[in-house]
Amino acid sequence: MPLDRPGPLDDVSTRLLQRRVVLVAGTLDSRTMANAAAQLMLLDATGDDPIELRLMCPGGDLDAALALADTIDLLGVELRACAAGVVGGPAVAPLVAGTTRVAHPHATFVLRDPDLCAGGRAEDVALAVAQHRRQVDALHIRLATACGRRPERIAEDMRTGLVLSAPEAVHYGLVGEIVAVSTGRTAPGQP
């Protein structure tokens, strides 16, 4: 395929943006975060209609997740966050930053603290550990605020790696409702 012609993925991305949908799939790393943040800011600047953020991120980088959540906090329009697969680890931060939060019936949530990989001199490792601890605490507080739970409870659940189904996530406070995949409406028999 020639480089000067858009490929099929470019066309899909453009069509999603026209519908004010941003898709974040795979590991939430700095590149994925930067792309999603740019799309969110673009949509925020081009209209007042709500934006939908679809998340399918089984894990990711803590800094990237918090940066995307911070970007969502700055949006001037409503953001509807939708868990459409596995959302885990720090990737729950952008989910709970949404104005409204929903999940597909088969979504799974994995609450677990992010890992830290650090190397170098002892002083550098100590600084990295301290910064990581501050970021993890910020994640716990963000989740606690969104879910209406105590930060200590969130910290314990993330330390042990709590796994939640979509109905359990509603009860936990991560999402407000379960939506039917085909219609976007609340699934029958679901809260």
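Which residue's side chain meets that of Asp 124 in a salt bridge? The partner is Arg 121, with 3.3 Å from N to O. A salt bridge here is a side-chain nitrogen of Lys or Arg within 4 Å of a carboxyl oxygen of Asp or Glu. Side chains of opposite charge can pair when their charged atoms come close.

Before we go on, a word on what you are looking at. This is a predicted model, in which local features need pLDDT of at least 70 and side-chain atom pairs count only at pLDDT 80 or more, while totals for chains, interfaces and linings use all residues. Residues are numbered from 1 along each chain as its sequence is written, and side-chain values use heavy atoms, with hydrogens and water left out.

Back to our pair. Arg 121 is exposed, at a relative accessible area of 53%, while Asp 124 is partly exposed, at 33%. These words have cut-offs: buried is under 20% relative accessible area, exposed is over 50%, and partly exposed is in between, using a 1.4 Å probe and protein chains only.

The whole structure has seven salt bridges, so let us visit some others in helix H6, residues 151-160. Helices (H or I, at least four residues) and strands (E, at least two) are DSSP runs, numbered from the N terminus. In H6, Asp 157 and Arg 153 are four residues apart, which separates them by about one helical turn. Their closest N and O atoms are 3.1 Å apart, and they form a salt bridge. Asp 157 is buried, at 4% relative accessibility, whereas Arg 153 is partly exposed, at 41%.

Glu 156 and Arg 159 also belong to helix H6, three residues apart and again separated by about one helical turn. Their side chains meet in a salt bridge of 2.7 Å, N to O. Glu 156 is partly exposed at 35%, and Arg 159 is exposed at 55%. Elsewhere, salt bridges with shared partners link Asp 70, Asp 73 and Arg 142 into one network.

Now turn to the strands. Two strands pair if DSSP finds at least two bridges between them. Strands S4, S6 and S7 form an open sheet in the order S4-S6-S7, with mixed pairing. S4 (86-88) and S7 (162-165) are the edge strands, each with a single partner, so one side of each has no neighbour in the sheet. S4 and S6 (residues 108-111) run parallel and are joined by three bridges; in one of them, Val 86 partners Thr 108 of S6.

Another pair to find is S2 (residues 51-56) with S3, which are parallel and share five bridges. Here, Leu 55 has Ala 83 in S3 as its bridge partner. Strand S3 (residues 79-83) is largely enclosed by the rest of the structure, because four of its five residues are buried.

What about the cysteines? A disulfide is a covalent bond between the sulfur atoms of two cysteines. With a cut-off of 2.5 Å between cysteine sulfur atoms, the structure holds zero disulfides. Cys 57 is buried at 0% relative accessibility, and Cys 82 is buried at 1%.

Finally, look at Tyr 172: Arg 149 lies over the face of this residue, 4.0 Å from the ring centre. A charge sits over a ring if NZ of Lys or CZ of Arg is within 6 Å of the ring centre and within 35 degrees of the ring normal.
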